[in-house]
Amino acid sequence: MKKAVLIVLCVLIWATPALADKVLIVHQNYNQNNLQALLVAKGHTDVTQATSMPADISAYDQVWDIRYNTALSAGDIALLVSFLASGKAVFLLGEGTTYKTRNDSVAAAILAAGGGTVTISSTTAGNNSQTINSPWNTEASSVTYLYCGKFEALGTGTFITNEPSSTTTGSAAAWTPGSLTNAPTGRLTSILDVNVLDSPNGGNRNELVNALIDYSAGEIGGGGSSGVPAATPLQLALLFGLIGLLGMWKIRRKS
């Protein structure tokens, strides 16, 4: 009987869903509500919206900066690097070449985090279909961008999506845990197309965002992860509680 109880308890521990993240969306009044809806659909219901970077972001687990025509300030970059260094997740939106100032600031943030020198193409692609690479291909294998910029060099980064004809150009990238020298436990992602957040959507663009939400929460792999979610604090607490209960049973049996 006790063995059966232990088996049930173990199943309950590892079936316990991951704790929801607390998320900050920094926006300029475009697509923030659809992003929030996507986050909520993934279980992250504690979402705050702001039109500028707060002075203190330490209470959050994920920061999504989806401003596309506002350059990151030196203060913003310092905050985000510190946030990444605490083992958290940051998403930075860029755009086509019309928004070069924004894109340059995204590249500066990546460099400051220790992700190496990033090069963004001087050309913009319309209706551009790209392959979604593992582990971000959980909901779709390809995505069609409407008006996108393209990364040509990623430093220590990895392409989330790349053009079928080239493995060295793409519009979405990640700097996985271990790839950022100044934030080795952080997860940094970027897409150079604001339309991935549009609603209604097509071309598997929201599906790609869903995968990035899961990645930012640590629910899918990358950067040396096997793709198996790490134990959550609640799961660990239940596990230690079970170990304590087993110890108590042994003591009672001996007495």
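This is a predicted model: local features need pLDDT of at least 70, side-chain atom pairs count only at pLDDT 80 or more; totals for chains, interfaces and linings use all residues.
Helix axes here are lines fitted to C-alpha atoms over the stretch in contact, with angles taken between N-to-C directions.

Two packed helices are described by the angle between their axes and the distance between the axes. For helix α2 (residues 32–41) and helix α5 (residues 205–216), the axes come within 10 Å and cross at roughly 55°. The crossing in which α2 passes α5 is right-handed.

Which residues make this contact? The table shows both sides.

| Helix | Residues in the α2–α5 contact |
|---|---|
| α2 | N34, L35, L38 and L39 |
| α5 | N206, V209, N210 and I213 |

By type, the residues of this contact divide into five nonpolar, three polar and no charged.

Now for the burial pattern along α2. Its buried residues are Q32, N34, L35, L38 and L39. These residues lie on the same side of α2, because they cover an arc of only 165° around the axis. An α-helix has 3.6 residues a turn, so residues three or four places apart point the same way. On the face of α2 turned away from the buried side, you will find the exposed residues N33 and A41.

Finally, a backbone detail: G43 follows α2 and has a positive phi, near 100°.

Key. Residues are numbered from 1 along each chain as its sequence is written. Side-chain values use heavy atoms; hydrogens and water are left out. Axes are lines fitted to C-alpha atoms, for helices over the stretch in contact, and angles run from 0 to 180 degrees between N-to-C directions. Helices (H or I, at least four residues) and strands (E, at least two) are DSSP runs, numbered from the N terminus. A crossing is left-handed if the near helix is turned anticlockwise from the far one by less than a right angle, and right-handed if clockwise. Contact means heavy atoms within 4.5 Å. Ala, Val, Leu, Ile, Met, Phe, Trp, Tyr, Cys and Pro count as nonpolar, Asp, Glu, Lys and Arg as charged, and the others, Gly among them, as polar. Buried means under 20% relative accessible area, exposed over 50%, partly exposed in between (1.4 Å probe, protein chains only). The arc is that of the directions from the helix axis to the C-beta atoms.
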